[in-house]
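Subject: Handover of a structure and notes on its contents

Dear colleague,

Please find the structure below, followed by an account of what was found in it. I would be grateful if you would read the notes with the structure open beside them.

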Number of protein chains: 2
Amino acid sequence: MAKFLTSRNEDYSQWYNELVTKAGLAEPAAVRGCMVIKPYGYAIWEKMQHQLDQMFKDTGHVNAYFPLLIPKSFFSKEADHVEGFAKECAVVTHYRLKNDPNGKGIVVDPEAKLEEEYIIRPTSETIIWNTYRNWIQSYRDLPILCNQWANVMRWEMRTRMFLRTAEFLWQEGHTAHATKEEAIAEANKMVRVYAEFAEKWMAVPVIMGSKSESERFAGALDTYTIEALMQDGKALQAGTSHFLGQNFAKAFDVLFTNPAGEREYVWATSWGVSTRLMGALIMAHSDDNGLVLPPKLAPLQVVIVPIYKSAEGLEQITKQVSSIVEALKAKGITVKYDDRDTQKPGWKFADYELKGVPVRLAMGERDLANCTIEVARRDTLTKETLPLEGIVEYVEKLLNDIQENIYRKALSFRDNMITKVDTYEEFKELLETKGGFFLCHWDGTPETEEKIKAETKATIRCIPFDSPEEEGKCMVTGKPSHRRVLIAKAY
Amino acid sequence: MAKFLTSRNEDYSQWYNELVTKAGLAEPAAVRGCMVIKPYGYAIWEKMQHQLDQMFKDTGHVNAYFPLLIPKSFFSKEADHVEGFAKECAVVTHYRLKNDPNGKGIVVDPEAKLEEEYIIRPTSETIIWNTYRNWIQSYRDLPILCNQWANVMRWEMRTRMFLRTAEFLWQEGHTAHATKEEAIAEANKMVRVYAEFAEKWMAVPVIMGSKSESERFAGALDTYTIEALMQDGKALQAGTSHFLGQNFAKAFDVLFTNPAGEREYVWATSWGVSTRLMGALIMAHSDDNGLVLPPKLAPLQVVIVPIYKSAEGLEQITKQVSSIVEALKAKGITVKYDDRDTQKPGWKFADYELKGVPVRLAMGERDLANCTIEVARRDTLTKETLPLEGIVEYVEKLLNDIQENIYRKALSFRDNMITKVDTYEEFKELLETKGGFFLCHWDGTPETEEKIKAETKATIRCIPFDSPEEEGKCMVTGKPSHRRVLIAKAY
């Protein structure tokens, strides 16, 4: 087998970039910081979308669509938000091109200058809350539980495919509530939906918690996050949910009449996950041979490759395999019989390994005679020869086993990479030698947080929901602390 | 019942706008020429998307995603295309805002001017063919059958919700082929997919045909279209498919090595439908009481309203209804039991009529005693009282009947509005008094086409695929013509 990829040990970052392009997931676009999501990558994203959308609907949400462009002035209305989002962004200033008077292609028509510039949405709180003002009069109009699947744009300086791109695809939920409690409960509910999706579908274990004040979403009173660990020991923020208080209602004059007849500002949340999840999926499980995909998100779950010496042999194998293909399809399993004669079996094996197809079946002429079939699993790179009888049920069960095994492996890795440390020296040393998550006492001040970040490049990922109360001393300042927080270097 | 809407006879355009907003489909946005697609409208669009996506996949296509922004220079590469698309468009010139030195909000940072401006995609041929150049080396890499679901933007001057908006949602297929014949067959196949979708799902009959040269897509050698007729006698172009020849391959240097080892330019198609289909759906079927939705695209197919005098009555009705709800759901029918006590039954009836729910069931206390239920159908506005026994099967069949009836009604209307005319005088008179489609002889010249358009505002909608050969004389110039073309005023 040809060596396709730089190994993870050699250069993790290079391995990732090569894997993304060679497995046909995405490639850099001709537009600065943007990517083309290729068909195989998009097929995985579609599966993610489909499941998330179902989970949003099951929790009472509906989809809608709001404009791509946001008037510049909207951003000035919420002071924190403008600092966080409206600075590095794509600005539309004109609405017409014309032929260059000097004959050099087309140029911007200076007469078609917009009175007010538009910003390509980096996130949609402002345009949505400007819209909600007209949707909400009374408590009877609440809650509003909207989600939007959309593209957004942030003029990032350092980009990496899926992890950080100027344009990316995401969903953004924007909900409006009559009470503070209800809004907090909603933000809590949605971070738990994200955690469930990450663990059950992506097979990626995550730690849920609250962000520290300085890591919050710009405009939020509280941000909840799910934090995953990649194989290089760095954390990846995979989804966030925000309790926005009444900030956007106040910025956009969104009030409702409560049952007592009084006017009150509406309470808000927003929550989102993006194509960044693709980066998390890739980096959490894949190996030096290529992608490892959890069966639930694999566009192709099973591939069957015939190994034959003659046209007659192929014909007999095809006949035998076709009933297996039909039976697998009948169980809702996505299967492909790859009888292309343009590629050799070895090439196909390597290619499906690169693409992370969970189960590969191969049938040769001897298998035909023995009524057997070779079953290879991608996650463990092991194979065995099994009787044809019962193979469909075996494969069905195997897909479930692989889903679980991938999760268990990631969980075990992650758990081994959570280290409790009590001194700053120990923290700094292990951060460099071991990496991963650290549970540390912190005095709760932005100053200490900033010092840790400046000195080690590690950040407070979250204050875990399940972090127990525990008396301790801040590892940096020695000041009292009542629970440990999660710290790591992060993507 | 309150009168919700201006009637169609009174003011068709006003009726449409009121219907779109009052039924909760869409509303104008704070961004010039853009709309907010509200949850109920988006739910219909999602059903359209879901079915179209399935049909694209069944015909061998895969989805991908290409960048929103297109470098300005890309548009200059295809001469016709730039004239058609790159003139009235949103131009991104800067990538940063900063605080106004005078303290008035935020302003564009003049130092963050892009070297080359970007255009928000009005259509993606250029960026996609620039990408395909790297995907295609040999005939083995062909065909490429990609589709993209995306937002696009055209700086339209006169906008109407769904029919023509600055930003709209659509899908754009972009395929690459080794031969001219294969590309033409693809373009043909896809316009037929659109026709099948329009007729079987939207219940909108359409006429398929080729566009005249001057009505073709900018950059196409041939454009195929489906043309629908609205209730006001105006045509609406509902979907197009383009045979692009080698124009984009030549503009972006996309060549492949054929089996004989020679380098050739790749052949292209593109095809798209948009949220404009929502406009067609609304205008084709709806009446003065509101939307009429074909059951296959109705987000809610059946609603059940209890009519009760006491809490005990409601309880008994609810008990009886719950088994019907479960049985309908088991058949895959979307059903809602609306037992809200905040609205009266009459209000609910009017609201569901406005929203076009195909079947409304109502159960009162007398029904409970008689083991009956009231069944109202939206398309005919008729109702009948039926025994409870067998009601689930009845409703299931009724939904199919309604789907067919809506189609037949639209077909009958459309067929009655196709007029063969042989003189220009007759054409002009009937165009004003009757409207609809006209089948006329035309001499095939752009000059005559332009004259008809200038004098009557009618355009050649298409040369229908099924228009038989027939010797005749152009109704304007008297020159010979060999088949009739379809002419109408259009949206």
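A salt bridge is here a side-chain nitrogen of Lys or Arg within 4 Å of a carboxyl oxygen of Asp or Glu. By that rule, a search of the whole structure gives 51 salt bridges over all chains, and 4 salt bridges are counted between chain B and chain A.

Some conventions apply throughout. This is a predicted model, in which local features need pLDDT of at least 70 and side-chain atom pairs count only at pLDDT 80 or more, while totals for chains, interfaces and linings use all residues. Residues are numbered from 1 along each chain as its sequence is written, chains are lettered from A and ligands numbered from 1 in the order in which they are written, and side-chain values use heavy atoms, with hydrogens and water left out.

The relation between the chains

The same surface serves both copies, since 100% of the contact residues of chain B recur in chain A (contact means heavy atoms within 4.5 Å).

The interface

The contact takes 64 residues from chain B and 64 residues from chain A. Between them the two chains bury about 5100 Å², of which 64% lies on carbon and sulfur atoms; buried area is the accessible area (1.4 Å probe) that two parts lose on being put together, summed over both. B:Y65, B:L97 and B:I106 supply 13% of the area that chain B buries against chain A, more than any other three residues.

Across the interface of chain B and chain A, 34 residue pairs are in polar contact, both residues being at pLDDT 80 or more. A polar contact is a pair of N or O atoms within 3.5 Å; within protein, one must be able to donate a hydrogen and the other to accept it, and residues adjacent in sequence count only if both atoms are side-chain atoms. By class, the side of chain B that touches chain A has 40 nonpolar, 9 polar and 15 charged residues. In this scheme Ala, Val, Leu, Ile, Met, Phe, Trp, Tyr, Cys and Pro count as nonpolar, Asp, Glu, Lys and Arg as charged, and the others, Gly among them, as polar.

Two salt bridges may be located directly. The side chains of B:E46 and A:K57 meet in one of them (3.0 Å, N to O). This pair crosses between chains, from helix α2 (residues 39-58) of chain B to helix α2 (residues 39-58) of chain A. Helices (H or I, at least four residues) and strands (E, at least two) are DSSP runs, numbered from the N terminus. A:R96 forms a salt bridge with B:E88, the closest N and O atoms being 3.0 Å apart. Strand β5 (residues 88-99) of chain B gives the largest share of the side of chain B that touches chain A, 12 residues.

Strand β5 and its partners

Strand β5 (residues 88-99) of chain A pairs with β5(B) in the antiparallel sense over 5 bridges (two strands pair if DSSP finds at least two bridges between them). In β5(B), A:E88 stands opposite B:R96, and the bridge partner of A:H94 is B:V91.

Within chain A, β5(A) pairs in the antiparallel sense with strand β7 (residues 113-120) over 3 bridges, where A:V91 stands opposite A:I119. β5(A) also pairs with strand β6 (residues 106-108) of chain A, in the antiparallel sense over 3 bridges; there A:N99 has A:I106 as its bridge partner. β5(A) and β6(A) form a hairpin with 6 residues between them, and A:G103 in the turn has a positive phi of about 80°.

Backbone points to inspect

Most residues other than glycine have a negative phi, and most peptide bonds are trans. A cis peptide bond joins A:L142 and A:P143, with omega about -5°, and A:P143 lies in the loop between α5 (125-135) and β8 (144-153) of chain A. In chain B, the peptide bond from B:L142 to B:P143 is cis, with omega near -5°. A:C371, a residue other than glycine, has a positive phi near 55°; its place is in the loop between α11 (365-370) and β19 (372-377) of chain A.

With kind regards
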